[in-house]
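Keep the sequence and the structure in view while reading.

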Amino acid sequence: MASPMRSLLTDPARYLQSFRLFLEKSTEHQSMREFMEKQLPTLIASIGNGKSTINILSVGGGAGEIDLLILSKVQARYPGVTINNDVIEPSADQIFKYKERVAETSNLENIKFTWHEETAYEYESRMNAEKKSKKWDFIHMIQMLYYVKDIPATIRYFHSLLEAQAKLLIILVSGTSGWETLWKKYGSSFPLNDLCTYISSADLRRMLDSAGLKYQFYELPSHMDITSCFTEGNKDGELLLDFLTETQTITFADAGDILFAAGLLVTRTIRCFHP
Ligand SMILES: C[S@@+](CC[C@H](N)C(=O)[O-])C[C@H]1O[C@@H](n2cnc3c(N)ncnc32)[C@H](O)[C@@H]1O
């Protein structure tokens, strides 16, 4: 029977509100920052060798918090080099916040920002229609692959845009996380549509293996405070639960059960690919 619940993606304002609360209540960005500080410098060590311009493509860049950190690491590795940073992001609100962040940040003089207000698929279709296949030195897709219709095709397309020394970085929930437990156990009750796929690193690994793509794998522990989800009528709890299930608010009786099963530890996974 089709699920009576509605996807959170049908309400973009609530989606963003719940995502921002999730960032506040979790160590999501903190764990990504740690990765960008400790691992990224080595991974990008050769992407710009011999180049006067480095081209970076952010797919689903959101409000740019992590993007700016990535850019600072590229600047540190290649001081003075010109960087073109293109962002594919369908949410006008996120792009607005990204631009505000750029305006408030110093030391970005050598970076040219270009925002494309469209989905990954719209970008691909537009490029194909214009017969363009611009290549990139670094492409990242951070917590966004859930929202594309055809994940293997999307990975194939962006992977084909990599320069010889380039890297593609994908961040998704881990196959050993509470998210995976929650989604696998209750996924059949979630809204079934093409707005959101409950994909984890375990599913991604299978896709990459069957595509014969070479990759490196990193696992990052991150946590989320879900206490408010157990207080009936608590607005934060409802928003967090919406984000966890990518579904608009469901009843508390269901929620308590689901979240207990999801556990307190949430692990995120980072993968880095070679062309
Ligand atoms: C969970 S947020 C992650 C944002 C950012 N990468 C971060 O980690 O802070 C997902 C982002 O993907 C964007 N998005 C949703 N569907 C998309 C699509 N089909 N193509 C590209 N981006 C998409 C959303 O607007 C949102 O900004």
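Which atom of the ligand lies 3.3 Å from a backbone N or O atom of Y147? That atom is a nitrogen of the ligand. The model is a predicted one, and every distance below is computed from it.

**The ligand**

| Residue | Atom of the residue | Atom of the ligand | Distance |
|---|---|---|---|
| G60 | backbone N or O | nitrogen | 2.9 Å |
| Q94 | polar side-chain atom | oxygen | 3.1 Å |

The space that the ligand takes up is the largest pocket.

**The chain as a whole**

The chain has 275 residues, of which 53% count as buried. Its secondary structure comes to 11 helices and 7 strands.

**A serine in strand β1**

Strand β1 spans residues 53-59, and S58 lies in it. Is S58 buried or exposed? With a relative accessible area of 0%, S58 is buried, because buried means under 20%. The side chain of S58 makes a polar contact of 2.6 Å with the side chain of D67. Leaving aside residues up to four places away in sequence, S58 touches D67, D86, V87, I88 and H140.

Helix α4 covers residues 65-77 and includes L71. L69 also has its place in helix α4. L71 has a relative accessible area of 1% and is buried. The value for L69 is 15%, so L69 counts as buried too, since the cut-off is under 20%.

What does each leucine touch, not counting residues up to four places away in sequence? For L71, the partners are I56, I83, N85, I111 and F113. For L69, they are R33, M36 and E37. L71 and I83 are 12 residues apart along the chain, and their C-alpha atoms are separated by 8.4 Å. L69 and R33 are 36 residues apart along the chain, with 7.5 Å between their C-alpha atoms.

**Helix α7 and its cover**

Helix α7 runs over residues 151-159, and its buried residues are I151, T154, I155, Y157, F158 and H159. An α-helix has 3.6 residues a turn, so residues three or four places apart point the same way. In helix α7, I151, T154 and I155 can be compared with that rule, as can H159; they are among the buried residues.

Which elements cover the buried residues of α7? The cover includes the strands β1, β2 (82-88), β4 (136-142) and β5 (162-173), along with the helices α6 (120-129) and α9 (201-211). The N-terminal end of α7 is capped by D150, where a side-chain oxygen lies 3.1 Å from the backbone nitrogen of A153.

Definitions and conventions: Residues are numbered from 1 along each chain as its sequence is written. This is a predicted model: local features need pLDDT of at least 70, side-chain atom pairs count only at pLDDT 80 or more; totals for chains, interfaces and linings use all residues. Side-chain values use heavy atoms; hydrogens and water are left out. Helices (H or I, at least four residues) and strands (E, at least two) are DSSP runs, numbered from the N terminus. Buried means under 20% relative accessible area, exposed over 50%, partly exposed in between (1.4 Å probe, protein chains only). A polar contact is a pair of N or O atoms within 3.5 Å; within protein, one must be able to donate a hydrogen and the other to accept it, and residues adjacent in sequence count only if both atoms are side-chain atoms. Contact means heavy atoms within 4.5 Å. On a 1 Å grid over the protein atoms alone, a cavity is a set of points where a 1.4 Å probe fits but cannot get out, and a pocket is an open set with protein on both sides within 12 Å along at least five of seven lines; lining residues have an atom within 4 Å of a point. A molecule sits in a cavity or pocket if more than half of its atoms lie within 2 Å of its grid points.
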